[in-house]
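Please consider the sequence and the model shown here.

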Amino acid sequence: EEILLLALDDDKGTTPMESMFKTTMGGAILAELVLEGAITIDDDKKRKVHPVPTARIDDPILAECLALIRDKDKPQAASTWVQKFASLKQLKERAARQLVDKGVLAEDEGTVLKIFKRVIFPERDGGPERDLRDRMEKAIFTYSSEIESRTIIIVALANTTGMLKQVFDKKRLKEQKQRLEDLTSGQIAGRA
């Protein structure tokens with residue numbers, strides 16, 4: 001949901017650069033499953049993903065992804081799962097509707113070229129995105145050591161996929177190259 005908030009144009013309710021966004025979403029799903037204790041990832045070069053048999057997930061998208069992992073006979077690489085999760089049917093719309101239910105986004109109808117209709121998700125409540133951007137700003141630009149894992153993972157995913165350049169000024173980010181490396185090293189989901 002937080003990756004979607006970063007990607008959505010607040011007024012238009014659309015996401016630019018679909019492929020980058022989808023890959024970042026796939027990585028975010030994998031990372032969330034790690035944070036929830038639903039999967040483990042091997043630390044070796046192959047980075048195989050293993051489900052935790054007793055894990056229970058309430059979020060419908062995450063539960064579907066965990067079921068996909070559990071249904072495989074053999075463990076798959078983390079990168080394979082990122083791509084599979086990124087290609088889930090209606091991923092953006094499903095995540096957006098969860099945010100609509102929470103009152104963060106609105107669901108509306110827009111058009112492409114004034115001909116084709118499409119569903120758009122303009123921002124209704126900017127508070128959650130502002131909070132996320134503030135957390136990311138603190139993590140990247142203040143050298144604070146008090147940063148939650150979820151924020152580090154979002155920074156790592158957004159940095160790896162180039163999405164971070166859409167959130168913060170490229171020059172400022174370039175000046176923080178070492179900080180970004182320090183933040184993301186050692187993070188299982190960031191490496192994945």
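Q: In this predicted model, what makes up the lining of the second largest pocket by class?
A: That lining has three nonpolar, two polar and five charged residues. Among its members are Lys165, Lys170, Lys174, Lys177 and Glu181, and Lys and Glu count as charged. Helix 8, helix 9 and helix 10 (177-184) each give two or more residues to this lining.

Q: Why is the pair of phenylalanine 141 and phenylalanine 168 called edge-to-face?
A: Ring centres must lie within 6.5 Å for a pair, and planes over 60 degrees apart count as edge-to-face. Here the centres are 5.5 Å apart and the planes stand at 75°, so the pair is edge-to-face. Phenylalanine 141 belongs to helix 6 (residues 127-141) and phenylalanine 168 to the loop between helix 8 (164-167) and helix 9 (170-175), so the pair ties together parts 27 residues apart in sequence.

Q: What makes the charged end of arginine 172 one that sits over the ring of phenylalanine 141?
A: The definition requires CZ of Arg to be within 6 Å of the ring centre and within 35 degrees of the ring normal. The charged end of arginine 172 lies 3.7 Å from the centre of the phenylalanine 141 ring and is placed over that ring.

Q: Why are the buried residues of helix 4 said to line one face of the helix?
A: In helix 4 (residues 78-86), the buried residues are Ala78, Trp81, Val82, Phe85 and Ala86. Viewed down the helix axis, they fall within an arc of 135°, so they line one face.

Key. Residues numbered from 1 in each chain as written. Predicted model: local features only at pLDDT ≥ 70, side-chain atom pairs only at ≥ 80, totals over all residues. Heavy atoms only, no water. Phe/Tyr/Trp six-rings, centres within 6.5 Å; stacked < 30°, edge-to-face > 60°. Helix = DSSP H or I, 4+ residues; strand = E, 2+ residues; numbered from the N terminus. Buried < 20%, exposed > 50% of the residue type's maximum accessible area, 1.4 Å probe, protein only. Arc of directions from axis to C-beta. 1 Å grid on protein atoms, 1.4 Å probe; cavity = no way out; pocket = protein on both sides within 12 Å on 5 of 7 lines; lining within 4 Å.
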